[in-house]
Amino acid sequence: MTKKYIIGILWLMHGMAMQAQQPVVVPLDRNVVLQSDRRPMLKSNGQVDTVSLPFIDDFSYYARSNYPDPALWADRNVYINNDYPYQPRSNGVATFDALDAGGKVYRNKETRFGADTLTSAPIDLGAAGLKDVRLSFFYQPQGYGDNPEPEDMLILQFKSSSHEWIGVWNVAGSKLQPFKQVVVTVPQAYYYKGFRFRFVNLVSLEQDQFNPGKKGDADHWHIDYVRMKSDWVENDTAMNDVAVIAPGKSLITGYQSIPWKQIEFAYATRLEPKMEITYRNNHNEGHFVTRQFEIKDMYRGTKTTLTSGGGDNIMPEEIRTFEQDVFDPFISTSVDSALFKLTSYLGTDFNDRKVNDTVSYFQVFKNYFARDDGVPESGYGYMGDKSQNFSIACRYETFMPDSLQAVQLYFNPTANDVTKQYVFKIAVWRDNNGRPGDRVYLSDKEYSPETFGKFVTCVLEKAVYVTKYYWIGWQQVTSGFLNVGFDRNFNDKGNLWYDSFGSWQQDMNDGTLMIRPVFGKRSDYPTSVIPPRTADKIGMKIYPNPASQQIYIAFDAFAEINPSEYDAEIYAQTGRLRYRGTLDGLPIDVSRFEPGVYIVRLVHKKSGHTQSQKILIFR
């Protein structure tokens, strides 16, 4: 064997090893939004009534509830959201996946099975004079989630008068495609009072322990604009609706949030003085549309209505993005934090569907930088048994010289909390012309994920002084997939790199790693990092927040808490006690509270341990 041949084999083996040890992006093991009950179900009268035609749902209520409207749907298995679809017909879709209504993977012994269902309420098709009834909807595979395989399927079924579910349409899985419309004629045999239709997805989950990605939140389908009507005519395939199709956008280019104390320094270099709205004309005729924009200081309750964005015509199927200049948008008397609500409105004609003409975005300013929106669509990390000492680095900047005090990481929940056994160290690097340079900090302390489904703060043992660009991340001590949150809705490609064999490589996945640098006074942070859960760290959750009439107090899905052991207290910022009572699962009435910021405190009756959280009351 020649020396040249041996060298070639070694290089081939080295290349295979590097490819095997690249970071990977995998589906989630569970849906933490559903498990936290962040947005409860819409109000229901306790039973599903028979509804009359026309039947229509565009799922535009995603900001109020992540479950289907009980007035139209009989089950709650699908996920109503605006995080997973790519360019939906309107904001809000119903997402089908491999997770149940509680956000956990379906338990099934088969590798291929029916998972989510979306079943309509009983529909009165027995009314006199009904004819030419058709059902239309739009569907998309994958979106920002996992693509269904060819053996996976989305199915539409009709329920016969003899109570049998009959398949009338299906489509095989594929990779990402634009939303496509389907129109199905309802045969006369189904014209009876109490008719139902339902969508079902078939998923295929591999049971291979070395491929955890296919055991979780996989095989995504998204449905939008479900309509059933009679007297169908050709023009009915187009919806008379100009709709917002993109979420609200941060005014800070490249960031969802920055420290409040840096805002004045960001004005000159990073603040994007424009509010934005993206919308689509779903009709087959052109429409004249106006735009209006508003900014509200949520701490003070003051509102500034901006100059109208004017109006113009938008053609059928056209997607339009309009930007409105904003002058000095963030004026507040707050010292250490601020919260602004940015709202964009469409002005449309009287025939237009109005429920999807508005989009809002909450601009948060605290003590950290964030590129992610706080909700992961995937998990990120090294997968393999030889990933010790491999590093992940994410590029950030500061708009003023400052001291980096901590790093926040979002760890996705995993089956049996398997990631608790994996160990890592926090690291900071200098910037070297857009790639990681010399390492300036590596923690002596070794960390393991202890809290899941939310950000945890890793306090640096000593502050790191930064002036412009720098890199934060981790170095693995043990092998194992850490499963850090990965946000698919913001593409940060170019700012995420990895080092697996002593050479930095750019990560090519679309999305942004959920890692955040934290600044502020040293006294603001605890001395321990990722502390164990104790009586005063109970995962308190308050919703809605901001609130208007009432609030609920709950705990995260992993806290073993008896609510009756705690008293709840609400204080005004002046220190005045406004409410005290024992937790009983019922809502707390805040309708008589003046708008403003309040402190909610939980007190353990026996130990006296407390946990506090701010809420905002506004109307």
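Below are my notes, starting with the ground rules.

**Ground rules**

This is a predicted model, so I keep to its cut-offs: local features need pLDDT of at least 70, side-chain atom pairs count only at pLDDT 80 or more, and totals for chains, interfaces and linings use all residues. Residues are numbered from 1 along each chain as its sequence is written, and side-chain values use heavy atoms, with hydrogens and water left out.

**Cavities**

On a 1 Å grid over the protein atoms alone, a cavity is a set of points where a 1.4 Å probe fits but cannot get out, and lining residues have an atom within 4 Å of a point. Grid points are joined across faces, edges and corners, and a volume is the space filled by probe spheres set on the points.

How many cavities of 30 Å³ or more are there? I get three. The largest cavity holds about 70 Å³. Its lining includes G248, K249 and L251, along with K274, M275 and E276. L342, T343, S344, V359, S360 and Y361 are lining residues too. The elements that supply two or more of the lining residues are β15 (274-281), β20 (338-347) and β21 (358-365); I take helices (H or I, at least four residues) and strands (E, at least two) as DSSP runs, numbered from the N terminus. I sorted this lining into five nonpolar, four polar and three charged residues. For that sorting, Ala, Val, Leu, Ile, Met, Phe, Trp, Tyr, Cys and Pro count as nonpolar, Asp, Glu, Lys and Arg as charged, and the others, Gly among them, as polar.

The second largest cavity comes out at about 60 Å³. Among the residues lining it are L28, R30, Y79, D83, V375 and E377.

**Aromatic rings**

Next I searched for ring pairs and found 41 in the whole structure. Rings of Phe, Tyr and Trp (its six-membered ring) pair if their centres lie within 6.5 Å; planes under 30 degrees apart count as stacked, over 60 as edge-to-face and the rest as tilted.

How do F330 and F365 sit in their aromatic pair? They are edge-to-face, 4.9 Å centre to centre with 70 degrees between the planes. F330 has 5% relative accessibility, so I call it buried (under 20% relative accessible area; exposed is over 50%, partly exposed in between; 1.4 Å probe, protein chains only). F365 is at 0%, so F365 is buried as well.

I also noted F593 and Y598, a tilted pair at 5.1 Å centre to centre and 35 degrees between the planes. Both are buried. One aromatic cluster includes F55, F59, Y61, W73, F96 and W221.

**A three-strand sheet**

I followed an open sheet in the order β34-β35-β38, with antiparallel pairing. β34 (540-543) and β38 (588-589) are at the edges with a single partner strand each, so one side of each has no neighbour in the sheet. Two strands pair if DSSP finds at least two bridges between them; β35 (residues 550-555) and β38 are joined by two. In one of these, I551 has I588 as its partner in β38.

Where are the cis peptide bonds I wrote down? One joins L53 and P54, with omega about 0 degrees; P54 is in the loop between α2 (32-35) and β2 (55-57). Another joins Y543 and P544, with omega about -10 degrees, and P544 is in the loop between β34 and β35.

Two residues other than glycine have positive phi in my notes. Q87 is near 45 degrees and sits in the loop between β3 (79-81) and β4 (93-96); at 39% relative accessibility, Q87 is partly exposed. Y225 is at about 50 degrees and belongs to strand β13; at 1%, Y225 is buried.

M228 and I56 are 172 residues apart in sequence, yet 6.6 Å apart C-alpha to C-alpha.

I found zero disulfides (pairs of cysteine sulfur atoms within 2.5 Å). C458 is in strand β27 (residues 455-466) and is buried at 0%. C394 is buried at 1%.

Technical notes
1 Å grid on protein atoms, 1.4 Å probe; cavity = no way out; pocket = protein on both sides within 12 Å on 5 of 7 lines; lining within 4 Å.
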